[in-house]
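Here are my notes for your first look through this entry. Please keep the structure open beside them.

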Amino acid sequence: MSKFSTSIRRKLGFDTRKSEYAFQKDPRVGHISASRVADTWVKTTCGYCSVGCGMLVGVRDGKAVTVRGNPDHSVNHGKLCPKGQSEHHILTAPGRATQPLLRKKGKLVPVPWDEALDTMVERIGSIQQKYGNNSLGVVGTGQLVTEEVYTLGKLVQLGFRTRNNDGNTTLCMASAVSGYKLSFGSDGPPGSYEDMEAADVVLLIGSNIADNHPILCQRVERSSERTLIVVDPRVTKTAMMADIHLPVKPRSDIALINGIAHILIREGLIDSSYIEQHTTGFEEFAAYVSTFTPQHVAQVTGLNEETILKVALLYGRAKAAFIGWTMGVNHSTQGAVTVTAINNLALITGNIGRAGAAPFSITGQCNAMGTRETGFTSSLPGYRKFEDAAHREDLARIWNIDIERIPTARGLAYPDIIEGAVSGKIKALWFIATNPVVSFPNYSVLEQALRSVEFLVVQDGFHPTPTSDFADLVLPAAIWGEKEGTYTNSERRVGKVNRAVAPPGDARTDFDIFLDLAARIGVREELFPNWKTTHDAFLEWQRVSAGRMCDYSKFTWQQIEDENGAQWGGKRLYEDGIFPTSDGKARLHCVPCDPFVEQPNSEYNFILNTGRTVEHWHTRTKTSQVAMLESMVPNAWLEMNPEDAKRLNLKSHDRVTVTSRRSNVKNLELRITGIVAPGQVFMPFHFSESNSNLVTLGAFDPISREPNFKQCAVRVERSATH
Ligand SMILES: Nc1nc2c(c(=O)[nH]1)N[C@H]1C(S)=C(S)[C@@H](COP(=O)(O)OP(=O)(O)OC[C@H]3O[C@@H](n4cnc5c(=O)[nH]c(N)nc54)[C@H](O)[C@@H]3O)O[C@H]1N2
Ligand SMILES: Nc1nc2c(c(=O)[nH]1)N[C@H]1C(S)=C(S)[C@@H](COP(=O)(O)OP(=O)(O)OC[C@H]3O[C@@H](n4cnc5c(=O)[nH]c(N)nc54)[C@H](O)[C@@H]3O)O[C@H]1N2
Ligand code: SF4
Ligand SMILES: [Mo]
């Protein structure tokens, strides 16, 4: 447990010995009840989003009683958003899972750990014996510490010997990963947060940072030195902050980006020497985008030609331009190629590898990056490739195992694991720190999968959850605040995560559960020799990542703790313009703009968009337990434009039903607002009781396998009154 330094204590305005007294007198703090006065402060990193804010958890009598932003942390300079600010409340929430539960005669009943894990090993073993090793599907998460993700990958692929290992990150960042690989030859966000401040043009595409990465907003505060352009069909809070908002028609982004490239080439606003030295495919690309005339682009996007021209000129004339994107880009059947289109823009203008200049995926979960780097899912640990024999040899040597043990191709991606369960290929499922009943698209297929498998394990910090209700075995896990390791944020900053309190009841860390399972299947000594703590996993991961792009061998746990994080790869990648491709050059891609899959028609006449709000986190296992957050947004809603509401004769707060070809969601509170354009509606996906994924579409990007969460066709009616 690390106590925070005297300098921080002084900055926070209280004396080391008399902290209670000083806190209460601090006018910024107001009155603090004695029960919230900490006796110890534990330095850590926020466990919600990928911004990666540094924080201090105040502990008193073994309980987390308060949280403060770490004033010395370069990411947040002491600030926290409402979720971070109330994070300690989740640790003692009544919904925590505290004991293993095994389904007996149809009911989940408490069992000791030994029985739980023996049963798991026995059931999975007999299923694998009967149907083959790959009949086990495992779905992990971007919410474990890196050391746990690394351990899980080895355990699943080398211990349980199934290739069908993926994570909820395929619902999230997979398109960014695929797009980076297609353009640059490797994953890895090239820039840093400070590039947002240094840029004179910041273009955010499908990214609502005001709700979802609030602490990044201070980086793009209004300034005469910088133009903020936001591309989003909705007038989000982020769009309201912008100098220019481009309310594109849903999924017309590729046309806009190609159109900007066309104007840049036409106007000579490109960096010919960068193109010549560091890219391939320019001639073909230039010919391809020449058909994306402003006139054509205006028609596809719904923007006017002057605006398109203005934005292109701003981008082209910028000394340094930054493009950030999030789920408005990734959540699409064309997600991966949209990312390459974004990368094209950066490459032809040389806006990469310089201060203020980067194409930059803003990630989602606190440790989505850690899973990408260590993951044994869509690639081998350390951004290595399954298909590269030299990479497999590397790992076999470090792990001291036979190279034949390492698969030569990735297994099924998450959506294909689910389809596999429906078709009978997958017979056992193990979910770790993810809640697919609320988060996976097209619920009815997911439900079929959960009901079809012979054994379902759900390992979660909370119970019941909509998914753990289906489980044959529930494993109670420690969560953020109860374990030690690292998270890596969007800007590749590895931050230290510390244990402030003990987990409740019999809950154990995911790491302990993994090692215990390894012992029970007889691979602990072979795969995890002498490992006791997550630090042992970190030490091995340092060796595995050494010399790779995501090199963790350059810093120790202590260093990242003391220095409030360290960025692997430094501030920015590709400063030398050399890319990890066969010829060292980045690839320009010709990207067609196809209409999204399920277009509205006369019966399903609205386009449904789904997403987030600042107060809630995903499926609300955590934030529904925090009174302040839950009371601010207690229920789901549907946003509709006044024009449509008038036509349908609906009033604000009416209860409405949203129906797609798959199912419906009833009794949503109607919000009539100009935030959404006519013909479009929006609902949050946070609420299991009004589950947006009952109606969303099971359509996936052919490259990244990411779902098209952001558009499907629905109709809206007043809900029947009972
Ligand atoms: N408060 C809060 N913060 C979070 C999370 C949370 O649950 N709650 N989750 C975290 C995670 S895991 C993630 S991935 C991030 C997600 O962060 P964001 O991607 O910012 O979140 P979303 O609301 O899913 O979608 C962003 C925007 O995409 C827009 N969009 C929809 N269709 C299109 C389109 O065709 N083109 C364009 N250009 N835009 C479109 C939507 O209107 C929406 O405003 O947030 C992280 N931060
Ligand atoms: N319609 C629609 N659907 C979406 C999206 C959308 O925009 N629209 N967004 C998608 C995106 S980007 C994402 S990232 C996913 C997120 O979807 P999920 O991964 O399902 O979301 P969470 O609610 O974060 O689920 C994490 C689970 O892990 C548990 N947990 C937390 N910490 C720990 C831990 O340390 N150990 C263990 N074992 N359990 C823990 C929590 O209690 C929770 O049940 O949703 C996707 N689904
Ligand atoms: S912005 Fe993200 S990392 Fe920072 S406090 Fe909020 S949820 Fe936590
Ligand atoms: Mo996400």
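What volume does the largest pocket have? The numbered points start there. Keep in mind that this is a predicted model.

1. The largest pocket has a volume of about 820 Å³. Its lining counts 38 residues. Closest to the centre are Val177, Lys181, Ser378, Ser379 and Arg384.

2. **Elements in the lining.** The largest share comes from α6, with 4 residues.

3. **Lining by class and domain.** The lining of the largest pocket has 17 polar, 12 nonpolar and 9 charged residues. Domain 2 (101–172 + 366–495 + 504–553) and domain 3 (174–362) each supply at least three residues to this lining.

4. **Who surrounds ligand 1?** There are 34 residues around ligand 1. Asp232, Arg251, Asp253, Arg612 and His616 come nearest. By class, the shell splits into 9 nonpolar, 17 polar and 8 charged residues.

5. Look for nitrogen atoms of the ligand here. One lies 2.6 Å from a side-chain N or O atom of aspartate 253. For lysine 83, a side-chain N or O atom is 3.0 Å from a nitrogen atom of ligand 1. Valine 231 uses its backbone: an N or O atom there lies 3.1 Å from a nitrogen atom of ligand 1. On its own, ligand 1 has 910 Å² of accessible area, and the protein covers 99% of it.

6. **Where the ligand 1 shell comes from.** The elements giving two or more residues are α8 (209–212), α15 (327–330) and β21 (606–611). Domain 3 (174–362) and domain 4 (606–718) each contribute at least three residues to the shell.

7. **Who surrounds ligand 2?** The count around ligand 2 is 33 residues. Gln143, Asn168, Ser439, Asp460 and Thr619 are the closest. The shell holds 16 polar, 11 nonpolar and 6 charged residues. At least three residues come from each of domain 2 (101–172 + 366–495 + 504–553) and domain 4 (606–718).

8. **Polar contacts of ligand 2.** Now look for oxygen atoms of the ligand. The side chain of glutamine 143 has an N or O atom 2.8 Å from an oxygen atom of ligand 2. Histidine 618 also brings a polar side-chain atom to 2.8 Å from a ligand oxygen. With asparagine 435, a polar backbone atom is 2.8 Å from an oxygen atom of ligand 2.

Note on methods. Residues are numbered from 1 along each chain as its sequence is written. Chains are lettered from A and ligands numbered from 1 in the order in which they are written. This is a predicted model: local features need pLDDT of at least 70, side-chain atom pairs count only at pLDDT 80 or more; totals for chains, interfaces and linings use all residues. Side-chain values use heavy atoms; hydrogens and water are left out. On a 1 Å grid over the protein atoms alone, a cavity is a set of points where a 1.4 Å probe fits but cannot get out, and a pocket is an open set with protein on both sides within 12 Å along at least five of seven lines; lining residues have an atom within 4 Å of a point. Grid points are joined across faces, edges and corners, and a volume is the space filled by probe spheres set on the points. Ala, Val, Leu, Ile, Met, Phe, Trp, Tyr, Cys and Pro count as nonpolar, Asp, Glu, Lys and Arg as charged, and the others, Gly among them, as polar. Domain bounds come from an automatic or database domain assignment. A residue is near a molecule or strand if one of its heavy atoms lies within 4 Å of it. A polar contact is a pair of N or O atoms within 3.5 Å; within protein, one must be able to donate a hydrogen and the other to accept it, and residues adjacent in sequence count only if both atoms are side-chain atoms. Accessible areas come from the Shrake-Rupley method with a 1.4 Å probe; for residues, only the protein chains shown count as cover.
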